[in-house]
Amino acid sequence: SKTNESLMQRRVAAVPRGVGQIHPIFADHAKNSSVVDVEGREFIDFAGGIAVLNTGHLHPKIIKAVEDQLHKLTHTCFQVLAYEPYVELCEKINARVPGDFAKKTLLVTTGSEAVENAVKIARAATGRAGVIAFTGAYHGRTMMTLGLTGKVAPYSAGMGLMPGGIFRALYPCAIHGVSVDDSIASIERIFKNDAEPRDIAAIIIEPVQGEGGFNVAPKDFMARLRALCDEHGILLIADEVQTGAGRTGTFFAMEQMGVVADLTTFAKSVGGGFPIAGVCGKAEIMDAIAPGGLGGTYAGNPLSCAAALAVLEVFEEEKLLDRCKAVAERLTTGLKAIQTKHKEIGEVRGLGAMIAIELFEDGDHARPAAALTSQIVARARDKGLILLSCGTYYNVLRVLVPLTAEDELLERGLAIIGECFDELT
Ligand code: PMP
């Protein structure tokens with residue numbers, strides 16, 4: 001019979017090493033927040049396929065919606081023959097994205113593609129080509145998005161320079177000594193040293209950084225960023241690929257930020273495990289590109305549209321935003337209890353149920369504990385818990401457990417994290 005080890009040997013021979021793998025495990029099947037591997041071992045899933053499974057694995061309503069669609073049609077290409085689920089999803093996203101103005105939505109397949117298109121649209125709408133992105137940002141693995149992503153190794157190392165016209169500002173991060181003033185000053189410095197504001201099409205920001213370490217943008221920073229954009233005619237793009245679909249306690253994180261973006265990218269949990277992504281924005285901005293300039297063969301695939309529509313229904317029917325608050329509360333309390341016993345945990349932070357802990361050697365904020373972080377990820381897996389790390393310094397443990405996870409499963413996961421700290425520190 002198949003083992004993780006034998007499959008791993010085949011994988012190594014058949015798949016390029018550039019496609020990393022955090023856990024040496026091959027999944028066989030899954031349900032809600034549990035995954036069973038090919039050897040029959042069950043794991044608690046605190047990774048959610050990297051923020052894709054806010055509604056859990058195989059949510060019955062989502063599977064039913066996809067099955068129904070499967071017997072109608074799986075593909076026409078929306079630009080050849082349109083279908084209603086695409087339009088209906090766009091209508092619902094337009095209503096959900098914050099902003100008291102007319103909106104339109106473009107559907108694509110991946111988060112990277114959504115960001116690529118947001119930049120194309122911003123360029124067309126402003127007639128400008130420059131983009132400002134932040135330190136620690138993650139926006140994807142295509143060429144433009146690698147330029148925007150604020151971490152060279154491992155994402156673009158060895159691949160040469162990425163597209164130009166991208167300028168890097170500092171993301172505010174109190175624990176690493178970057179204040180809101182520092183961050184705003186870094187943008188003013190770009191205007192002084194690198195490019196005039198009239199050459200900048202957009203500033204792109206994650207309201208809570210995902211891969212960068214679950215850093216939350218302060219509200220007053222967002223207000224100043226919005227004001228700067230308005231002053232110079234620059235568009236504000238909120239990349240909600242990881243924060244979206246209810247992770248932070250509101251359907252989009254920008255609902256809590258006090259200002260609205262001109263363009264919003266979304267993906268991941270919006271599709272409940274099926275590939276869909278998109279850009280939503282002010283109608284006149286979204287219409288800046290002429291017919292034929294947007295789209296893609298599979299963009300807004302009917303099966304994924306059906307899944308996303310079901311995700312929106314599940315959020316209403318199961319009151320998942322309320323559930324998010326309960327999950328957030330439980331995780332925060334549990335992680336803070338572990339923190340009181342272990343000085344290595346410098347901070348428990350996040351927004352809603354997008355929660356992480358940052359690890360430092362001896363609690364010294366100048367010494368990120370990357371080795372301990374990876375040891376905890378490995379030890380937790382041995383104990384049956386799938387965790388993910390993140391952060392510029394590889395020293396942040398993040399929780400992206402489905403919001404549909406049972407309380408008992410959350411408790412078991414937290415208990416395992418506690419045990420790992422007890423054993424490894
Ligand atoms: N933006 C953000 C904020 C993300 O977290 C990610 C994925 N981690 C992406 C964009 C890229 O999405 P994808 O992997 O679907 O291309």
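Strand β8 (residues 235-239) pairs with strand β9 (residues 263-266) in the parallel sense, over three bridges. Pairing here takes at least two DSSP bridges between two strands. Strands are DSSP E runs of at least two residues, helices are H or I runs of at least four, and both are numbered from the N terminus. Within this pair, Asp-239 has Thr-265 of β9 as its bridge partner.

A word on the source. This is a predicted model: local features need pLDDT of at least 70, side-chain atom pairs count only at pLDDT 80 or more, and totals for chains, interfaces and linings use all residues. Residues are numbered from 1 along each chain as its sequence is written, and side-chain values use heavy atoms, with hydrogens and water left out.

Now the sheet. Seven strands form an open sheet with mixed pairing, in the order β4-β10-β9-β8-β7-β5-β6. Which strands stand at the edges? They are β4 (103-108) and β6 (166-169); each has a single partner strand, so one side of each has no neighbour in the sheet. On average, neighbouring strands of this sheet are turned by 20 degrees against each other, direction ignored. Helix α8 lies across β5 (130-134), β7 and β8, and runs at about 170 degrees to β7. Axes are lines fitted to C-alpha atoms, for helices over the stretch in contact; angles run from 0 to 180 degrees between N-to-C directions.

Next, Glu-206. Glu-206 sits in the loop between β7 (200-205) and α8 (219-232). Is Glu-206 buried or exposed? Glu-206 is buried, yet has no salt bridge. Buried means under 20% relative accessible area, exposed means over 50%, and partly exposed is in between, with a 1.4 Å probe and protein chains only. A salt bridge puts a side-chain nitrogen of Lys or Arg within 4 Å of a carboxyl oxygen of Asp or Glu. For Glu-206, the nearest side chain of opposite charge is Arg-398, at 8.2 Å. Charge counts Lys and Arg as positive, Asp and Glu as negative, and leaves out His and the chain ends.

What lies around Glu-206? A polar atom of its side chain is 3.0 Å from the backbone nitrogen of Gly-210. Contact means heavy atoms within 4.5 Å. Leaving aside neighbours within four places in sequence, Glu-206 is in contact with Gly-136, Ala-137, Tyr-138, His-139, Tyr-171, Glu-211 and Asp-239. Asp-239 is the residue bridged to Thr-265.

Arg-398 leads us to another strand. In β15, Arg-398 is the bridge partner of Ala-356. Strands β12 and β15 (residues 396-399) pair in the antiparallel sense over four bridges. On its part, β12 also pairs antiparallel with β11 (residues 345-351), over six bridges. Leu-351 has Met-354 of β12 as its bridge partner. The β11-β12 hairpin has two residues between the strands, and Gly-352 takes a positive phi near 60 degrees there.

How many residues of β12 are buried? Six of the six in β12 (residues 354-359) are, so the strand is largely enclosed by the rest of the structure. Met-354, Ala-356 and Glu-358 point one way; Ile-355, Ile-357 and Leu-359 point the other. In general, side chains of a regular strand alternate between the two faces of the sheet.

On to salt bridges. The structure holds 25 of them. Take Glu-88 and Lys-92 in helix α4 (residues 84-96): they are four residues apart, about one turn of the helix. Their side chains meet at 3.1 Å, N to O. Glu-88 is partly exposed at 27%, and Lys-92 is partly exposed at 35%.

Other bridges span the sequence. Asp-407 and Arg-323 meet at 3.0 Å, N to O. Asp-407 is in helix α13 (residues 407-424) and Arg-323 in helix α11 (residues 320-341), so the pair ties together parts that are 84 residues apart in sequence. Lys-341 and Asp-422 meet at 3.8 Å, N to O. That pair also links α11 and α13, 81 residues apart. Lys-341 is exposed at 59%; Asp-422 is partly exposed at 42%. There is also a salt-bridge network, linking Arg-226, Asp-230, Asp-262 and Lys-282.

Last, the backbone. The peptide bond from Ala-153 to Pro-154 is cis, with omega near 5 degrees. Pro-154 lies in the loop between α6 (143-148) and β6. Ala-51, in helix α2 (residues 48-51), has a positive phi of about 70 degrees. Ala-51 is buried, at 1%. Leu-58 has a positive phi near 50 degrees. Leu-58 sits in the loop between α2 and α3 (60-70) and is exposed, at 54%.

Methods
A polar contact is a pair of N or O atoms within 3.5 Å; within protein, one must be able to donate a hydrogen and the other to accept it, and residues adjacent in sequence count only if both atoms are side-chain atoms.
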